[in-house]
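Work through the following exercises with the sequence and the model side by side. Try each task before reading its solution.

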Amino acid sequence: MVQDWKNENNALVREFTFSDFSEAFAFMTRVAILAEKHNHHPDWNNVYNRVQIKLSTHDAGDVVTDKDVKLAAAINSLL
């Protein structure tokens, strides 16, 4: 398991909280660049200063795979 991520309903999930919307959006931009490099894209939600990310591999039947673990670790490295 990747640090600070939870395995819920066959997905890795984590919520991030920032000081304001601009910081949250900047984080999402950095995650988007990582997602493109990994060719693996998150299911996410943003409300003001919070970003919720859910990772699962759709073409593997919506379960957690190595792709999810690698992207979660890469996202952690942004903090």
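**Exercise 1: The nonpolar core**

The largest nonpolar core has 17 residues, and those with the most contacts inside it are Trp5, Phe16, Phe27, Val51, Ile53, Leu55 and Ile75. A nonpolar core is here a set of buried Ala, Val, Leu, Ile, Met, Phe, Trp, Tyr and Cys residues joined through side-chain atoms within 4.5 Å, where buried means under 20% relative accessible area, exposed over 50%, and partly exposed in between, with a 1.4 Å probe and protein chains only. The model is a predicted one, in which local features need pLDDT of at least 70 and side-chain atom pairs count only at pLDDT 80 or more, while totals for chains, interfaces and linings use all residues. Residues are numbered from 1 along each chain as its sequence is written, and side-chain values use heavy atoms, with hydrogens and water left out.

Task: find which elements give two or more residues to this core.

Solution. Begin with the elements themselves: helices (H or I, at least four residues) and strands (E, at least two) are DSSP runs, numbered from the N terminus. The elements that give two or more residues are strand 2 (12-17), helix 1, strand 4 and helix 2. Of these, helix 1 supplies the largest share, five residues.

**Exercise 2: Two packed helices**

Task: describe how helix 1 and helix 2 pack, giving the angle and the distance between their axes.

Solution. Two packed helices are described by the angle between their axes and the distance between the axes. Helix 1 (residues 21-38) and helix 2 (residues 66-76) pack at about 145°, with their axes 10 Å apart; the axes are lines fitted to C-alpha atoms over the stretch in contact, and angles run from 0 to 180 degrees between N-to-C directions. Next, list the residues that meet: Phe27, Val31, Leu34, Ala35 and His38 from helix 1, and Lys70, Leu71, Ala74 and Ile75 from helix 2. Finally, ask what covers the buried residues of helix 2, and the list includes strand 2, helix 1 and strand 4.

**Exercise 3: A histidine in a loop**

Task: decide whether histidine 40 is buried or exposed, and find what its side chain joins.

Solution. Histidine 40 is placed in the loop between helix 1 and strand 3. Histidine 40 counts as buried because its relative accessibility is 7%. Not counting residues up to four places away in sequence, histidine 40 touches Ala35, Ser56, Thr57, Lys67, Asp68 and Leu71. With aspartate 68 there is also a polar contact of 2.5 Å between the side chains, a polar contact being a pair of N or O atoms within 3.5 Å; within protein, one must be able to donate a hydrogen and the other to accept it, and residues adjacent in sequence count only if both atoms are side-chain atoms.

**Exercise 4: Asparagine 49**

Task: locate asparagine 49 and say which backbone oxygen its side chain reaches.

Solution. Asparagine 49 lies in the loop between strand 3 (43-47) and strand 4 (50-55). Because its relative accessibility is 17%, asparagine 49 counts as buried. Its side chain reaches the backbone oxygen of phenylalanine 18 at 2.7 Å. Beyond its neighbours within four places in sequence, asparagine 49 has contacts that include Phe16, Phe18 and Ala24.

Key. Contact = heavy atoms within 4.5 Å.
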